[in-house]
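Student: Please show me how to read a structure like this, one feature at a time.

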Amino acid sequence: MRDRPRASLGRIIHDLGTTVLDVAASPGGLDAEVTGVHIYDPLDELIVPAGAILLAVGVQGAADICGLLARAPHAAGVVVKLPVDVDERVRAAARETGVAVLGLTRAASWAQVAALLRSLLAEGELAEPGESAHGDLFSLANAVCALLDAPVTIEDRSSRVLAYSGRQDEADRGRVETVLGRQVPERYLRLLDEQGVFKRLYQSQEPIHIELDDGSPINREAVAVRAGDEILGSIWVAVRDPLNAQRRRALSDAANIVALRLLRERAGADTQRRLRADLLSTVLAGGADAAEAAGRLGIATTRLCVLAAQLTTPPPATPSVPRSPSGGADGGGVRGAGGLAAEQGVDHAAESARAESDRQRFCDALALHVAAIHPKAAAALVGSVAYAVLPMSPGGDEEARAVRVAESFLARVGPRHAANIGVGRLALSLAQVARSRADADRALRVLRTRGVAGRAAGYSAVHFESLLLQVADVAAAEEQAPTGPYRRLLDHDAEHGTELAATLEAYLDAFGDVSVAAARVHVHPNTFRYRLRRLAEIGGLDLGDPDARLTVQLQLRIFGRRH
(Lines give C-alpha, C1' and ligand atoms only; values in the text may rest on other atoms or scores of the structure.)
Protein backbone atom coordinates (compact mmCIF):
# COMPACT_ATOMS: atom_id res chain seq x y z
CA MET A 1 0.00 0.00 0.00
CA ARG A 2 1.42 3.39 -0.99
CA ASP A 3 1.01 6.45 1.21
CA ARG A 4 -0.91 9.39 -0.14
CA PRO A 5 0.82 12.76 0.37
CA ARG A 6 -0.58 14.90 3.15
CA ALA A 7 -2.65 18.00 2.36
CA SER A 8 -0.78 21.26 1.89
CA LEU A 9 -1.44 24.30 4.04
CA GLY A 10 -2.74 26.21 1.02
CA ARG A 11 -5.16 23.40 0.18
CA ILE A 12 -6.54 23.34 3.72
CA ILE A 13 -7.03 27.11 3.78
CA HIS A 14 -8.76 26.90 0.40
CA ASP A 15 -11.09 24.15 1.62
CA LEU A 16 -11.98 25.95 4.86
CA GLY A 17 -12.41 29.30 3.12
CA THR A 18 -12.05 32.80 4.50
CA THR A 19 -15.21 32.28 6.56
CA VAL A 20 -13.06 30.34 9.02
CA LEU A 21 -9.35 30.97 8.33
CA ASP A 22 -7.45 33.74 6.60
CA VAL A 23 -3.74 34.32 6.04
CA ALA A 24 -2.43 37.12 8.27
CA ALA A 25 1.27 36.77 7.52
CA SER A 26 2.68 34.55 4.77
CA PRO A 27 6.22 33.16 4.63
CA GLY A 28 6.06 33.49 0.85
CA GLY A 29 4.23 30.26 -0.01
CA LEU A 30 1.56 27.96 1.42
CA ASP A 31 2.76 24.66 0.02
CA ALA A 32 4.02 23.31 3.37
CA GLU A 33 2.90 19.75 4.06
CA VAL A 34 0.49 19.50 7.02
CA THR A 35 1.01 16.50 9.30
CA GLY A 36 -1.31 17.16 12.22
CA VAL A 37 -3.04 19.60 14.57
CA HIS A 38 -1.69 20.60 18.01
CA ILE A 39 -2.97 22.94 20.69
CA TYR A 40 -0.60 25.38 22.40
CA ASP A 41 -0.57 25.22 26.20
CA PRO A 42 1.78 27.71 27.91
CA LEU A 43 2.01 25.37 30.94
CA ASP A 44 3.34 22.42 28.91
CA GLU A 45 6.64 21.88 27.16
CA LEU A 46 6.19 22.99 23.54
CA ILE A 47 6.90 20.05 21.24
CA VAL A 48 5.63 20.74 17.73
CA PRO A 49 6.39 18.13 15.02
CA ALA A 50 7.38 19.30 11.57
CA GLY A 51 4.36 20.25 9.48
CA ALA A 52 1.96 20.69 12.38
CA ILE A 53 -0.69 23.39 12.57
CA LEU A 54 -0.41 25.00 16.02
CA LEU A 55 -3.59 26.45 17.54
CA ALA A 56 -2.29 29.37 19.60
CA VAL A 57 -4.99 29.53 22.27
CA GLY A 58 -4.79 32.78 24.25
CA VAL A 59 -1.91 34.22 22.22
CA GLN A 60 -2.30 37.84 21.12
CA GLY A 61 -0.03 40.74 20.36
CA ALA A 62 2.83 40.91 17.88
CA ALA A 63 5.53 40.17 20.47
CA ASP A 64 3.84 36.97 21.67
CA ILE A 65 3.26 35.81 18.08
CA CYS A 66 6.92 36.37 17.21
CA GLY A 67 8.00 34.48 20.31
CA LEU A 68 5.78 31.53 19.41
CA LEU A 69 7.08 31.44 15.83
CA ALA A 70 10.64 31.31 17.17
CA ARG A 71 9.74 28.38 19.47
CA ALA A 72 7.94 26.42 16.71
CA PRO A 73 10.10 26.96 13.61
CA HIS A 74 9.13 23.64 12.02
CA ALA A 75 5.35 24.16 12.17
CA ALA A 76 3.35 24.64 8.97
CA GLY A 77 1.25 27.41 10.48
CA VAL A 78 0.21 29.13 13.69
CA VAL A 79 -3.48 30.00 14.18
CA VAL A 80 -4.41 33.11 16.23
CA LYS A 81 -7.88 34.50 16.91
CA LEU A 82 -8.82 37.59 14.89
CA PRO A 83 -7.95 40.42 14.92
CA VAL A 84 -4.31 39.38 14.48
CA ASP A 85 -1.74 41.98 15.50
CA VAL A 86 0.52 41.86 12.44
CA ASP A 87 3.40 44.27 12.08
CA GLU A 88 6.76 44.18 10.30
CA ARG A 89 8.26 42.06 13.11
CA VAL A 90 5.61 39.35 12.60
CA ARG A 91 6.02 39.41 8.81
CA ALA A 92 9.81 39.11 9.17
CA ALA A 93 9.46 36.22 11.65
CA ALA A 94 7.08 34.41 9.28
CA ARG A 95 9.53 34.79 6.39
CA GLU A 96 12.51 33.75 8.52
CA THR A 97 10.90 30.64 10.04
CA GLY A 98 8.74 29.71 7.04
CA VAL A 99 5.70 29.47 9.35
CA ALA A 100 2.44 31.08 8.22
CA VAL A 101 0.36 33.11 10.65
CA LEU A 102 -3.37 32.45 10.20
CA GLY A 103 -6.32 34.35 11.61
CA LEU A 104 -9.33 32.45 13.00
CA THR A 105 -12.77 34.06 12.94
CA ARG A 106 -13.98 34.99 16.42
CA ALA A 107 -17.25 33.17 15.75
CA ALA A 108 -15.44 29.82 15.78
CA SER A 109 -14.37 27.97 18.91
CA TRP A 110 -10.97 26.29 19.19
CA ALA A 111 -12.73 22.93 19.49
CA GLN A 112 -14.54 23.58 16.22
CA VAL A 113 -11.45 24.52 14.26
CA ALA A 114 -9.51 21.57 15.71
CA ALA A 115 -12.28 19.20 14.59
CA LEU A 116 -12.47 20.85 11.16
CA LEU A 117 -8.74 20.56 10.56
CA ARG A 118 -8.50 16.97 11.77
CA SER A 119 -11.47 15.88 9.69
CA LEU A 120 -9.96 17.55 6.62
CA LEU A 121 -6.71 15.66 7.15
CA ALA A 122 -8.60 12.39 7.70
CA GLU A 123 -10.76 12.89 4.60
CA GLY A 124 -7.67 13.53 2.50
CA GLU A 125 -6.26 10.14 3.48
CA LEU A 126 -9.27 8.32 2.03
CA ALA A 127 -8.38 9.05 -1.56
CA GLU A 128 -6.45 6.63 -3.70
CA PRO A 129 -2.70 7.16 -4.17
CA GLY A 130 -1.99 9.43 -7.08
CA GLU A 131 -5.57 10.62 -7.29
CA SER A 132 -6.12 14.21 -8.24
CA ALA A 133 -7.03 16.54 -5.43
CA HIS A 134 -10.10 17.49 -7.47
CA GLY A 135 -11.69 14.13 -6.68
CA ASP A 136 -12.57 14.77 -3.04
CA LEU A 137 -15.84 15.98 -1.56
CA PHE A 138 -14.68 19.53 -0.94
CA SER A 139 -13.69 19.92 -4.59
CA LEU A 140 -17.03 18.41 -5.61
CA ALA A 141 -18.81 20.93 -3.41
CA ASN A 142 -16.85 23.77 -5.01
CA ALA A 143 -17.65 22.42 -8.48
CA VAL A 144 -21.38 22.28 -7.69
CA CYS A 145 -21.12 25.80 -6.24
CA ALA A 146 -19.65 27.01 -9.53
CA LEU A 147 -22.38 25.26 -11.55
CA LEU A 148 -25.23 26.64 -9.47
CA ASP A 149 -23.63 29.99 -8.57
CA ALA A 150 -24.53 29.42 -4.90
CA PRO A 151 -22.80 28.06 -1.77
CA VAL A 152 -23.23 24.32 -1.16
CA THR A 153 -22.97 21.83 1.70
CA ILE A 154 -22.87 18.04 1.43
CA GLU A 155 -24.40 16.36 4.49
CA ASP A 156 -24.97 12.83 5.77
CA ARG A 157 -28.25 11.31 7.00
CA SER A 158 -27.69 12.84 10.44
CA SER A 159 -27.25 16.36 8.99
CA ARG A 160 -23.52 16.34 9.74
CA VAL A 161 -21.52 18.35 7.22
CA LEU A 162 -19.21 16.15 5.16
CA ALA A 163 -17.94 18.96 2.92
CA TYR A 164 -18.81 22.48 1.86
CA SER A 165 -17.93 24.91 -0.89
CA GLY A 166 -16.50 28.38 -0.77
CA ARG A 167 -18.63 31.55 -0.69
CA GLN A 168 -20.36 30.51 2.54
CA ASP A 169 -20.15 34.14 3.67
CA GLU A 170 -22.86 34.86 1.06
CA ALA A 171 -25.32 32.61 2.90
CA ASP A 172 -27.26 33.26 6.11
CA ARG A 173 -26.28 32.96 9.76
CA GLY A 174 -27.68 29.43 9.97
CA ARG A 175 -25.37 28.23 7.18
CA VAL A 176 -22.33 29.81 8.83
CA GLU A 177 -23.21 28.07 12.13
CA THR A 178 -23.65 24.81 10.24
CA VAL A 179 -20.23 25.06 8.59
CA LEU A 180 -18.43 26.05 11.77
CA GLY A 181 -20.05 23.29 13.83
CA ARG A 182 -19.99 20.72 11.01
CA GLN A 183 -23.60 19.98 12.02
CA VAL A 184 -26.95 21.61 11.28
CA PRO A 185 -27.96 23.43 14.51
CA GLU A 186 -30.70 21.76 16.52
CA ARG A 187 -33.20 24.62 16.12
CA TYR A 188 -32.97 24.37 12.33
CA LEU A 189 -33.38 20.61 12.46
CA ARG A 190 -36.58 21.05 14.48
CA LEU A 191 -37.82 23.66 12.01
CA LEU A 192 -37.14 21.39 9.03
CA ASP A 193 -38.72 18.42 10.77
CA GLU A 194 -41.85 20.37 11.68
CA GLN A 195 -42.20 21.45 8.04
CA GLY A 196 -41.87 17.86 6.86
CA VAL A 197 -38.81 18.76 4.80
CA PHE A 198 -36.86 15.55 5.42
CA LYS A 199 -39.85 13.39 4.47
CA ARG A 200 -40.27 15.34 1.20
CA LEU A 201 -36.54 15.27 0.54
CA TYR A 202 -36.11 11.52 0.96
CA GLN A 203 -39.28 10.66 -0.97
CA SER A 204 -38.47 12.85 -3.94
CA GLN A 205 -36.19 11.83 -6.79
CA GLU A 206 -35.79 15.49 -7.78
CA PRO A 207 -34.48 18.58 -5.96
CA ILE A 208 -36.97 20.33 -3.70
CA HIS A 209 -37.23 24.02 -2.77
CA ILE A 210 -37.48 24.87 0.92
CA GLU A 211 -38.76 28.16 2.36
CA LEU A 212 -37.15 28.41 5.78
CA ASP A 213 -39.62 30.96 7.22
CA ASP A 214 -36.97 32.28 9.61
CA GLY A 215 -36.99 35.89 8.45
CA SER A 216 -33.94 35.49 6.21
CA PRO A 217 -34.11 36.14 2.44
CA ILE A 218 -31.92 33.06 1.91
CA ASN A 219 -33.73 29.75 1.39
CA ARG A 220 -32.58 26.26 0.36
CA GLU A 221 -32.68 23.92 -2.59
CA ALA A 222 -31.88 20.33 -1.62
CA VAL A 223 -31.59 16.92 -3.22
CA ALA A 224 -31.16 13.48 -1.67
CA VAL A 225 -27.99 11.52 -2.43
CA ARG A 226 -28.94 7.91 -3.17
CA ALA A 227 -27.34 4.58 -3.94
CA GLY A 228 -30.30 2.56 -5.16
CA ASP A 229 -32.85 2.59 -2.34
CA GLU A 230 -30.28 3.65 0.28
CA ILE A 231 -30.16 7.30 1.31
CA LEU A 232 -26.52 8.30 1.78
CA GLY A 233 -27.03 11.97 2.52
CA SER A 234 -28.06 15.17 0.75
CA ILE A 235 -26.80 18.32 -0.99
CA TRP A 236 -28.04 21.69 0.25
CA VAL A 237 -27.78 24.91 -1.77
CA ALA A 238 -28.33 28.35 -0.23
CA VAL A 239 -30.46 30.30 -2.74
CA ARG A 240 -32.64 33.40 -2.84
CA ASP A 241 -34.95 32.09 -5.58
CA PRO A 242 -35.82 28.57 -6.79
CA LEU A 243 -33.33 27.09 -9.25
CA ASN A 244 -34.30 27.05 -12.91
CA ALA A 245 -34.78 23.77 -14.75
CA GLN A 246 -31.21 23.65 -16.09
CA ARG A 247 -29.65 24.12 -12.66
CA ARG A 248 -32.06 21.62 -11.08
CA ARG A 249 -30.81 19.03 -13.59
CA ALA A 250 -27.22 19.97 -12.74
CA LEU A 251 -27.98 19.47 -9.03
CA SER A 252 -29.52 16.05 -9.72
CA ASP A 253 -26.47 15.03 -11.76
CA ALA A 254 -24.20 16.24 -8.96
CA ALA A 255 -26.09 14.04 -6.49
CA ASN A 256 -25.20 10.97 -8.57
CA ILE A 257 -21.51 11.91 -8.57
CA VAL A 258 -21.54 12.56 -4.82
CA ALA A 259 -23.21 9.16 -4.27
CA LEU A 260 -20.38 7.42 -6.11
CA ARG A 261 -17.83 9.37 -4.11
CA LEU A 262 -19.50 8.55 -0.78
CA LEU A 263 -19.65 4.86 -1.65
CA ARG A 264 -16.00 4.91 -2.65
CA GLU A 265 -14.99 6.71 0.54
CA ARG A 266 -17.01 4.28 2.64
CA ALA A 267 -15.29 1.34 0.99
CA GLY A 268 -11.91 3.03 1.39
CA ALA A 269 -12.59 3.84 5.04
CA ASP A 270 -13.66 0.26 5.74
CA THR A 271 -10.52 -1.08 4.09
CA GLN A 272 -8.34 1.37 5.97
CA ARG A 273 -9.97 0.48 9.27
CA ARG A 274 -9.47 -3.22 8.68
CA LEU A 275 -5.84 -2.62 7.78
CA ARG A 276 -5.26 -0.51 10.90
CA ALA A 277 -7.00 -3.13 13.04
CA ASP A 278 -4.82 -5.89 11.58
CA LEU A 279 -1.63 -3.88 12.07
CA LEU A 280 -2.52 -2.86 15.61
CA SER A 281 -3.44 -6.46 16.46
CA THR A 282 0.02 -7.48 15.27
CA VAL A 283 1.62 -4.82 17.49
CA LEU A 284 -0.46 -5.87 20.50
CA ALA A 285 0.37 -9.54 20.00
CA GLY A 286 4.13 -8.87 19.89
CA GLY A 287 6.39 -11.23 17.98
CA ALA A 288 8.63 -10.86 14.97
CA ASP A 289 6.23 -8.76 12.88
CA ALA A 290 5.35 -6.24 15.60
CA ALA A 291 8.14 -3.80 14.73
CA GLU A 292 7.19 -3.67 11.05
CA ALA A 293 3.49 -3.20 11.92
CA ALA A 294 4.34 -0.39 14.35
CA GLY A 295 6.42 1.27 11.67
CA ARG A 296 3.59 1.10 9.14
CA LEU A 297 1.20 2.61 11.68
CA GLY A 298 3.73 5.28 12.60
CA ILE A 299 3.21 4.72 16.32
CA ALA A 300 5.61 4.83 19.24
CA THR A 301 7.31 1.61 20.32
CA THR A 302 8.56 2.56 23.79
CA ARG A 303 7.11 4.10 26.95
CA LEU A 304 3.48 3.45 26.20
CA CYS A 305 0.35 2.10 27.86
CA VAL A 306 -2.36 0.06 26.16
CA LEU A 307 -5.99 1.04 26.71
CA ALA A 308 -8.79 -1.50 26.20
CA ALA A 309 -12.21 0.16 25.86
CA GLN A 310 -15.55 -1.58 25.50
CA LEU A 311 -19.16 -0.43 25.34
CA THR A 312 -21.28 -1.75 28.21
CA THR A 313 -24.72 -1.52 26.56
CA PRO A 314 -26.25 -5.02 26.72
CA PRO A 315 -27.39 -6.63 23.46
CA PRO A 316 -31.12 -6.39 22.76
CA ALA A 317 -33.21 -9.31 23.96
CA THR A 318 -34.42 -11.69 21.27
CA PRO A 319 -38.23 -11.50 21.10
CA SER A 320 -40.06 -14.72 21.74
CA VAL A 321 -42.35 -16.33 19.16
CA PRO A 322 -46.06 -15.80 20.02
CA ARG A 323 -47.88 -18.98 20.86
CA SER A 324 -51.32 -20.02 19.71
CA PRO A 325 -53.93 -21.16 22.29
CA SER A 326 -53.07 -24.76 21.42
CA GLY A 327 -49.51 -24.23 22.50
CA GLY A 328 -47.98 -24.25 19.00
CA ALA A 329 -46.52 -21.34 17.11
CA ASP A 330 -49.10 -19.10 15.49
CA GLY A 331 -49.56 -20.38 11.97
CA GLY A 332 -52.63 -18.39 10.97
CA GLY A 333 -52.84 -15.36 8.70
CA VAL A 334 -49.89 -14.13 6.70
CA ARG A 335 -47.46 -14.28 9.61
CA GLY A 336 -46.62 -17.84 10.53
CA ALA A 337 -43.67 -18.96 12.62
CA GLY A 338 -41.46 -18.96 9.56
CA GLY A 339 -42.48 -15.43 8.60
CA LEU A 340 -42.02 -14.15 12.12
CA ALA A 341 -38.66 -15.89 12.39
CA ALA A 342 -37.61 -14.19 9.16
CA GLU A 343 -38.73 -10.81 10.55
CA GLN A 344 -36.84 -11.48 13.75
CA GLY A 345 -33.78 -12.42 11.70
CA VAL A 346 -34.00 -9.08 9.88
CA ASP A 347 -34.44 -7.24 13.20
CA HIS A 348 -31.49 -9.09 14.68
CA ALA A 349 -29.34 -8.24 11.65
CA ALA A 350 -30.36 -4.60 11.89
CA GLU A 351 -29.55 -4.53 15.61
CA SER A 352 -26.19 -6.17 14.93
CA ALA A 353 -25.41 -3.60 12.25
CA ARG A 354 -26.34 -0.75 14.58
CA ALA A 355 -24.23 -2.23 17.37
CA GLU A 356 -21.23 -2.54 15.05
CA SER A 357 -21.74 1.03 13.89
CA ASP A 358 -21.87 2.22 17.52
CA ARG A 359 -18.65 0.35 18.30
CA GLN A 360 -16.91 1.88 15.28
CA ARG A 361 -18.03 5.42 16.15
CA PHE A 362 -16.85 4.83 19.72
CA CYS A 363 -13.46 3.65 18.44
CA ASP A 364 -13.20 6.63 16.08
CA ALA A 365 -13.84 8.95 19.02
CA LEU A 366 -11.16 7.17 21.06
CA ALA A 367 -8.69 7.43 18.17
CA LEU A 368 -9.33 11.18 17.88
CA HIS A 369 -8.95 11.61 21.65
CA VAL A 370 -5.57 9.86 21.94
CA ALA A 371 -4.27 11.44 18.71
CA ALA A 372 -4.95 14.87 20.20
CA ILE A 373 -2.78 13.91 23.19
CA HIS A 374 0.14 12.43 21.25
CA PRO A 375 0.79 12.33 17.47
CA LYS A 376 2.22 8.79 17.68
CA ALA A 377 -0.86 7.29 19.36
CA ALA A 378 -3.13 4.88 17.50
CA ALA A 379 -6.46 3.13 18.06
CA ALA A 380 -8.40 0.41 16.25
CA LEU A 381 -11.38 -1.85 16.83
CA VAL A 382 -10.47 -5.50 17.38
CA GLY A 383 -13.59 -7.57 17.85
CA SER A 384 -15.81 -5.71 20.30
CA VAL A 385 -12.89 -3.97 22.06
CA ALA A 386 -11.33 -0.68 20.96
CA TYR A 387 -7.60 -0.74 21.72
CA ALA A 388 -5.45 2.37 21.93
CA VAL A 389 -1.67 2.59 22.17
CA LEU A 390 -0.84 5.77 24.09
CA PRO A 391 2.79 6.97 24.33
CA MET A 392 3.68 8.35 27.78
CA SER A 393 6.28 11.01 28.52
CA PRO A 394 8.74 10.31 31.37
CA GLY A 395 7.86 11.57 34.81
CA GLY A 396 6.54 8.62 36.78
CA ASP A 397 2.95 7.50 37.48
CA GLU A 398 2.50 6.71 33.77
CA GLU A 399 -0.26 4.19 34.41
CA ALA A 400 -2.15 6.64 36.63
CA ARG A 401 -1.79 9.36 33.99
CA ALA A 402 -3.11 6.99 31.33
CA VAL A 403 -6.10 6.25 33.59
CA ARG A 404 -6.81 9.98 33.82
CA VAL A 405 -6.73 10.18 30.02
CA ALA A 406 -9.23 7.30 29.89
CA GLU A 407 -11.46 8.96 32.50
CA SER A 408 -11.41 12.21 30.54
CA PHE A 409 -12.49 10.37 27.40
CA LEU A 410 -15.31 8.53 29.20
CA ALA A 411 -16.56 11.82 30.63
CA ARG A 412 -16.74 13.29 27.13
CA VAL A 413 -18.53 10.38 25.46
CA GLY A 414 -20.60 9.37 28.49
CA PRO A 415 -23.88 10.90 27.28
CA ARG A 416 -23.62 8.91 24.03
CA HIS A 417 -21.61 5.82 24.90
CA ALA A 418 -21.64 3.89 28.19
CA ALA A 419 -18.27 2.15 28.35
CA ASN A 420 -15.40 0.98 30.54
CA ILE A 421 -11.66 1.19 29.92
CA GLY A 422 -8.87 -1.00 31.26
CA VAL A 423 -5.33 0.38 31.28
CA GLY A 424 -2.20 -1.77 31.12
CA ARG A 425 1.11 -1.22 32.84
CA LEU A 426 3.81 0.87 31.16
CA ALA A 427 5.63 -0.91 28.33
CA LEU A 428 9.26 0.18 28.07
CA SER A 429 9.80 -1.63 24.77
CA LEU A 430 7.83 -3.11 21.90
CA ALA A 431 8.37 -6.55 23.41
CA GLN A 432 6.36 -5.48 26.49
CA VAL A 433 3.36 -4.19 24.56
CA ALA A 434 1.70 -7.63 24.56
CA ARG A 435 1.95 -7.67 28.36
CA SER A 436 0.40 -4.20 28.60
CA ARG A 437 -2.42 -5.35 26.33
CA ALA A 438 -3.04 -8.42 28.54
CA ASP A 439 -3.06 -6.12 31.57
CA ALA A 440 -5.62 -3.84 29.93
CA ASP A 441 -7.84 -6.80 29.01
CA ARG A 442 -7.73 -8.09 32.58
CA ALA A 443 -8.52 -4.69 34.07
CA LEU A 444 -11.43 -4.34 31.64
CA ARG A 445 -12.69 -7.78 32.65
CA VAL A 446 -12.67 -6.79 36.33
CA LEU A 447 -14.83 -3.76 35.53
CA ARG A 448 -17.15 -5.94 33.45
CA THR A 449 -17.44 -8.44 36.31
CA ARG A 450 -18.31 -5.64 38.74
CA GLY A 451 -21.20 -4.65 36.47
CA VAL A 452 -20.23 -0.97 36.37
CA ALA A 453 -20.22 1.52 33.49
CA GLY A 454 -18.28 4.69 32.77
CA ARG A 455 -15.24 3.54 34.76
CA ALA A 456 -11.53 3.33 34.01
CA ALA A 457 -9.10 1.18 35.96
CA GLY A 458 -5.39 0.56 35.79
CA TYR A 459 -4.20 -3.02 36.09
CA SER A 460 -2.19 -2.28 39.22
CA ALA A 461 -5.32 -1.05 41.01
CA VAL A 462 -7.31 -4.25 40.28
CA HIS A 463 -4.41 -6.69 40.31
CA PHE A 464 -5.72 -9.02 43.00
CA GLU A 465 -9.26 -9.13 41.61
CA SER A 466 -7.78 -10.05 38.25
CA LEU A 467 -5.71 -12.83 39.81
CA LEU A 468 -8.84 -14.30 41.42
CA LEU A 469 -10.59 -14.30 38.05
CA GLN A 470 -7.61 -16.08 36.50
CA VAL A 471 -7.66 -18.69 39.29
CA ALA A 472 -11.39 -19.17 38.68
CA ASP A 473 -10.64 -19.75 34.98
CA VAL A 474 -8.09 -22.43 35.85
CA ALA A 475 -10.52 -24.09 38.26
CA ALA A 476 -13.28 -24.12 35.65
CA ALA A 477 -10.96 -25.45 32.94
CA GLU A 478 -9.84 -28.29 35.20
CA GLU A 479 -13.43 -28.92 36.39
CA GLN A 480 -12.45 -28.33 39.99
CA ALA A 481 -15.14 -27.87 42.66
CA PRO A 482 -15.33 -26.50 46.22
CA THR A 483 -14.06 -28.78 48.99
CA GLY A 484 -14.09 -29.03 52.78
CA PRO A 485 -16.45 -26.95 54.95
CA TYR A 486 -17.59 -24.78 52.06
CA ARG A 487 -18.60 -27.83 50.01
CA ARG A 488 -20.65 -29.15 52.95
CA LEU A 489 -22.45 -25.81 53.33
CA LEU A 490 -23.34 -25.68 49.63
CA ASP A 491 -24.66 -29.23 49.72
CA HIS A 492 -26.76 -28.48 52.80
CA ASP A 493 -28.25 -25.35 51.17
CA ALA A 494 -29.08 -27.31 48.01
CA GLU A 495 -30.71 -30.15 49.95
CA HIS A 496 -32.63 -28.15 52.57
CA GLY A 497 -33.20 -24.78 50.90
CA THR A 498 -31.21 -22.90 53.53
CA GLU A 499 -28.99 -19.81 53.09
CA LEU A 500 -25.94 -20.80 55.10
CA ALA A 501 -23.44 -19.90 52.35
CA ALA A 502 -25.05 -16.46 52.01
CA THR A 503 -24.87 -16.02 55.77
CA LEU A 504 -21.17 -16.91 55.75
CA GLU A 505 -20.48 -14.48 52.89
CA ALA A 506 -22.26 -11.62 54.67
CA TYR A 507 -20.34 -12.36 57.90
CA LEU A 508 -16.96 -12.35 56.15
CA ASP A 509 -17.77 -9.23 54.09
CA ALA A 510 -18.72 -7.39 57.29
CA PHE A 511 -15.42 -8.37 58.98
CA GLY A 512 -17.31 -10.30 61.64
CA ASP A 513 -19.66 -7.44 62.60
CA VAL A 514 -22.89 -9.32 63.26
CA SER A 515 -25.12 -6.23 63.26
CA VAL A 516 -23.88 -5.09 59.84
CA ALA A 517 -24.01 -8.61 58.40
CA ALA A 518 -27.53 -9.24 59.73
CA ALA A 519 -28.75 -6.01 58.13
CA ARG A 520 -27.30 -7.08 54.77
CA VAL A 521 -29.33 -10.31 54.75
CA HIS A 522 -32.35 -8.64 56.37
CA VAL A 523 -32.61 -10.75 59.54
CA HIS A 524 -32.46 -10.00 63.26
CA PRO A 525 -28.93 -10.20 64.78
CA ASN A 526 -30.03 -13.04 67.08
CA THR A 527 -31.28 -15.00 64.06
CA PHE A 528 -27.99 -14.31 62.33
CA ARG A 529 -26.00 -15.58 65.35
CA TYR A 530 -28.08 -18.78 65.34
CA ARG A 531 -27.29 -19.28 61.64
CA LEU A 532 -23.59 -18.78 62.34
CA ARG A 533 -23.64 -21.51 64.94
CA ARG A 534 -25.51 -23.81 62.57
CA LEU A 535 -23.11 -23.27 59.65
CA ALA A 536 -20.13 -23.81 61.95
CA GLU A 537 -21.62 -27.12 63.10
CA ILE A 538 -22.76 -28.35 59.68
CA GLY A 539 -19.64 -27.25 57.80
CA GLY A 540 -17.19 -28.13 60.56
CA LEU A 541 -15.84 -24.58 60.25
CA ASP A 542 -13.90 -22.80 62.99
CA LEU A 543 -14.62 -19.09 62.38
CA GLY A 544 -12.01 -18.18 64.96
CA ASP A 545 -9.25 -19.68 62.79
CA PRO A 546 -7.88 -17.02 60.35
CA ASP A 547 -6.62 -19.69 57.93
CA ALA A 548 -10.06 -21.32 57.85
CA ARG A 549 -11.71 -17.95 57.21
CA LEU A 550 -9.25 -17.17 54.40
CA THR A 551 -9.85 -20.58 52.78
CA VAL A 552 -13.64 -20.26 52.66
CA GLN A 553 -13.48 -16.61 51.59
CA LEU A 554 -11.25 -17.47 48.64
CA GLN A 555 -13.56 -20.32 47.66
CA LEU A 556 -16.49 -17.90 47.81
CA ARG A 557 -14.69 -15.55 45.42
CA ILE A 558 -13.48 -18.29 43.08
CA PHE A 559 -16.50 -20.60 42.95
CA GLY A 560 -19.39 -18.39 44.04
CA ARG A 561 -22.48 -19.91 45.65
CA ARG A 562 -23.71 -22.02 42.74
CA HIS A 563 -21.85 -25.32 42.83
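Student: Where is the place of arginine 182?

Tutor: Arginine 182 sits in the loop between helix H6 (173-181) and helix H7 (186-194). Helices (H or I, at least four residues) and strands (E, at least two residues) are runs assigned by DSSP and numbered from the N terminus. Arginine 182 has a positive phi of about 55 degrees, although it is not a glycine. Before we go on, note that this is a predicted model, in which local features need pLDDT of at least 70 and side-chain atom pairs count only at pLDDT 80 or more, while totals for chains, interfaces and linings use all residues. Residues are numbered from 1 along each chain as its sequence is written, and side-chain values use heavy atoms, with hydrogens and water left out.

Student: What does the pLDDT average for the protein?

Tutor: pLDDT is the predictor's confidence in each residue, from 0 to 100. Here the average is 81, and 85% of the residues score at least 70. Over residues 1-5 the pLDDT is below 50, and this stretch has 9 contacts beyond near neighbours in sequence; contact means heavy atoms within 4.5 Å. The pLDDT is also below 50 over residues 315-347, a stretch with 20 such contacts in the model.

Student: Now the sheets, please. In what order do the strands of the sheet with E1 run?

Tutor: The general idea first: two strands pair if DSSP finds at least two bridges between them. The order in this open sheet of 5 strands is E1-E5-E4-E3-E2, and the pairing is mixed. Strand E1 (21-25) and strand E2 (36-39) are the edge strands, each pairing on one side only. On average, neighbouring strands here are turned by 30 degrees against each other, direction ignored. Angles otherwise run from 0 to 180 degrees between N-to-C directions, and axes are lines fitted to C-alpha atoms, for helices over the stretch in contact.

Student: Which strand pairs with E1, and over how many bridges?

Tutor: E1 pairs with strand E5 (residues 100-104) in the antiparallel sense over 4 bridges. To find one of them, look for alanine 25, whose bridge partner in E5 is valine 101. Helix H2 (residues 62-71) packs on this sheet, touching strand E3 (52-55), strand E4 (77-81) and E5, and its direction makes about 155 degrees with that of E4.

Student: Is the peptide bond from leucine 82 to proline 83 cis or trans?

Tutor: That bond is cis, with omega near -5 degrees. Proline 83 lies in the loop between E4 and helix H3 (88-97).

Student: What order do the strands take in the sheet with E12?

Tutor: Read the open sheet as E12-E13-E11-E14-E15, with 5 strands and mixed pairing. The edges are strand E12 (378-382) and strand E15 (456-458), each pairing on one side only. Neighbouring strands of this sheet are turned by 20 degrees against each other on average, direction ignored. Strand E11 (residues 304-311) pairs with strand E13 (residues 385-391) in the antiparallel sense over 6 bridges, and valine 306 has valine 389 in E13 as its bridge partner.

Student: Which strands does helix H12 lie across?

Tutor: Helix H12 (residues 398-413) lies across E11, E13, strand E14 (419-423) and E15, running at about 165 degrees to E14. Helix H13 (residues 433-450) lies across E11, E13, E14 and E15, at about 35 degrees to E11.

Student: How do I read two helices against each other?

Tutor: Two packed helices are described by the angle between their axes and the distance between the axes. H13 and helix H14 (residues 463-477) pack at about 85 degrees, with their axes 9 Å apart. This makes H13 roughly perpendicular to H14: angles of 65 to 115 degrees count as roughly perpendicular, under 35 as roughly parallel, over 145 as roughly antiparallel, and the rest as oblique. The contact is made by Arg442, Arg445, Val446, Thr449 and Arg450 of H13 and Glu465, Ser466, Leu469, Gln470 and Asp473 of H14.

Student: How do the residues of that contact divide by class?

Tutor: They divide into 2 nonpolar, 3 polar and 5 charged. Ala, Val, Leu, Ile, Met, Phe, Trp, Tyr, Cys and Pro count as nonpolar, Asp, Glu, Lys and Arg as charged, and the others, Gly among them, as polar.
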